[in-house]
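Please find below a short note for a colleague who is new to this structure.

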Protein chains: 2
Amino acid sequence: MVAEDKLVGIIGGMGPNATVDFMSRILQATPASTDQDHVRMVIENNPRIPSRQLAMRGEGQDPGSEIAAIAARLEAAGAEFLVMPCNLAHAWQSEIEAAVSIPFVSIVDVSVQSALDRSDDGSAVGLMTTPGCFTAGLYQQALAASGRPVITQTPDELAATLSLVERIKSGDQSVEVASGLRTLANELVNRGAKVLIAACTEFPLVLDESMFDVAFVSSTEVLAGRTVAIALGTEKLQ
Amino acid sequence: MVAEDKLVGIIGGMGPNATVDFMSRILQATPASTDQDHVRMVIENNPRIPSRQLAMRGEGQDPGSEIAAIAARLEAAGAEFLVMPCNLAHAWQSEIEAAVSIPFVSIVDVSVQSALDRSDDGSAVGLMTTPGCFTAGLYQQALAASGRPVITQTPDELAATLSLVERIKSGDQSVEVASGLRTLANELVNRGAKVLIAACTEFPLVLDESMFDVAFVSSTEVLAGRTVAIALGTEKLQ
């Protein structure tokens with residue numbers, strides 16, 4: 001049992017399978033031999049948040065106020081820091097931070113740091129994501145300071161990626177979907193990427209690092225590792 | 001999107017892997033093609049609740065007040081009904097119900113109903129569980145009204161079951177653990193059971209129905225199905 005641990009609040013449901021996958025990776029990343037060694041979590045799994053992809057296209061309802069309301073409810077439930085296993089939803093990070101007084105740990109920041117740590121200085125980073133997250137520019141901005149070349153997807157590749165992500169969200173975790181995403185990721189490698197950032201939490205439902213010849217940074221897994229470290233007090237919040 | 005759905009509150013963390021497995025089975029049991037079709041859930045995954053096995057042996061701290069406090073926090077977070085993917089913890093159901101004004105759906109009741117529905121009238125039910133849950137008598141009491149013969153485990157079998165459950169809780173989901181539990185379950189079949197109730201939410205982490213020649217009622221899966229039906233309004237709360 002850990003004496004001074006922190007309760008993590010998880011803004012979940014975007015999508016629900018990605019949230020469960022994230023929780024599962026938190027458990028896998030925890031050194032535990034009994035129930036009591038595990039991290040305390042409070043999760044609101046709210047799949048009814050309006051579509052983030054539609055909002056980034058200027059269509060449909062803005063999800064910001066709902067995401068911020070979840071953050072506030074998690075703080076009220078005792079959460080001491082927040083994480084959100086959805087990359088695109090980080091486009092509304094400022095609304096979350098305005099709604100709470102506890103720290104929010106960004107999946108973008110930890111994934112970019114991991115990609116830089118895992119590749120040689122100067123090597124190109126491949127950014128694999130969805131159209132909404134690409135348009136939001138979250139990763140491009142976070143990578144800009146590093147001076148690294150960033151290989152991005154074409155509009156057609158982004159559209160093809162979203163179409164496969166939507167199949168995952170509908171419950172299709174087939175080899176065909178995995179193979180389609182792998183081919184799209186390898187286009188970035190063919191264009192010079194030495195490390196891939198998987199900037200969508202649906203990807204690790206069908207892809208893993210063993211499928212690639214370069215480093216494959218799963219944003220889900222990196223955030224899970226950081227969450228465990230903060231919750232158990234082995235790493236501090238910055 | 002479902003207009004009149006109910007927010008489910010999940011009392012989780014006993015153990016955490018069983019909670020994540022339960023959530024995963026909720027997602028699998030939901031007819032969904034987009035995020036928005038899924039069930040809204042709020043979960044407190046609190047693995048620091050004192051050991052229920054120890055408490056049933058009259059050792060260690062009583063977990064009742066902590067379990068009830070979680071129930072109250074979930075109600076405060078907006079939950080409209082509660083479920084708890086841990087069989088033994090239902091020994092403290094009266095403390096939960098005293099702490100909240102929303103309905104609590106018992107895993108014992110739904111599993112017993114499923115076992116009766118899935119077997120011929122009069123056939124014997126095999127009860128596979130842990131020593132704590134056996135001592136609490138939850139299933140024996142719930143089955144008594146049915147008039148069905150109940151085949152139970154010997155003290156040695158219960159102890160052997162707990163030892164394997166503790167291995168699962170430590171992260172061991174090996175074939176060896178699965179095989180050990182399967183052998184223990186088949187002892188009940190050899191003694192006449194025509195349907196097995198898997199009355200521990202750790203079992204489905206390594207066992208599934210395809211491993212048995214008789215009906216195998218996973219309490220996790222039955223509760224997940226009932227949770228989806230109530231949340232989406234296809235079944236009413238009783």
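1. R118(A) and E209(A) form a salt bridge, with their closest N and O atoms 2.6 Å apart. R118(A) lies in the loop between α5 (107-117) and β4 (125-128) of chain A and E209(A) in the loop between β6 (195-198) and β7 (215-218), so the pair ties together parts 91 residues apart in sequence. The model is a predicted one. R118(A) counts as partly exposed at 40% relative accessibility, as does E209(A) at 31%.

2. A salt bridge also joins the side chains of R73(A) and E44(A), at 2.8 Å from N to O. R73(A) belongs to helix α3 (residues 64-76) of chain A and E44(A) to strand β2 (residues 41-45), 29 residues apart. R73(A) is partly exposed, at 37% relative accessibility, whereas E44(A) is buried, at 6%.

3. D5(A) sits in the segment before β1 (8-12) of chain A, and R48(B) in the loop between β2 (41-45) and α2 of chain B. Both residues are buried. Through shared partners, salt bridges join D5(A), R40(A), E80(A) and R48(B) into one network. Over all chains, the count comes to 30 salt bridges.

4. In chain B, the buried residues of α8(B) include L158(B), L162(B), V165(B) and I168(B). Seen down the axis, the buried residues of α8(B) fall within an arc of 165 degrees, so they line one face of the helix. They pack against α2 (52-56), α6 (131-136) and α9 (175-190) of chain B. The face of α8(B) turned away from the buried side carries the exposed residues P155(B) and D156(B).

Note on methods:
Residues numbered from 1 in each chain as written. Chains lettered and ligands numbered in written order. Predicted model: local features only at pLDDT ≥ 70, side-chain atom pairs only at ≥ 80, totals over all residues. Heavy atoms only, no water. Buried < 20%, exposed > 50% of the residue type's maximum accessible area, 1.4 Å probe, protein only. Helix = DSSP H or I, 4+ residues; strand = E, 2+ residues; numbered from the N terminus. Arc of directions from axis to C-beta. Contact = heavy atoms within 4.5 Å. Salt bridge = Lys/Arg side-chain N within 4 Å of Asp/Glu carboxyl O.
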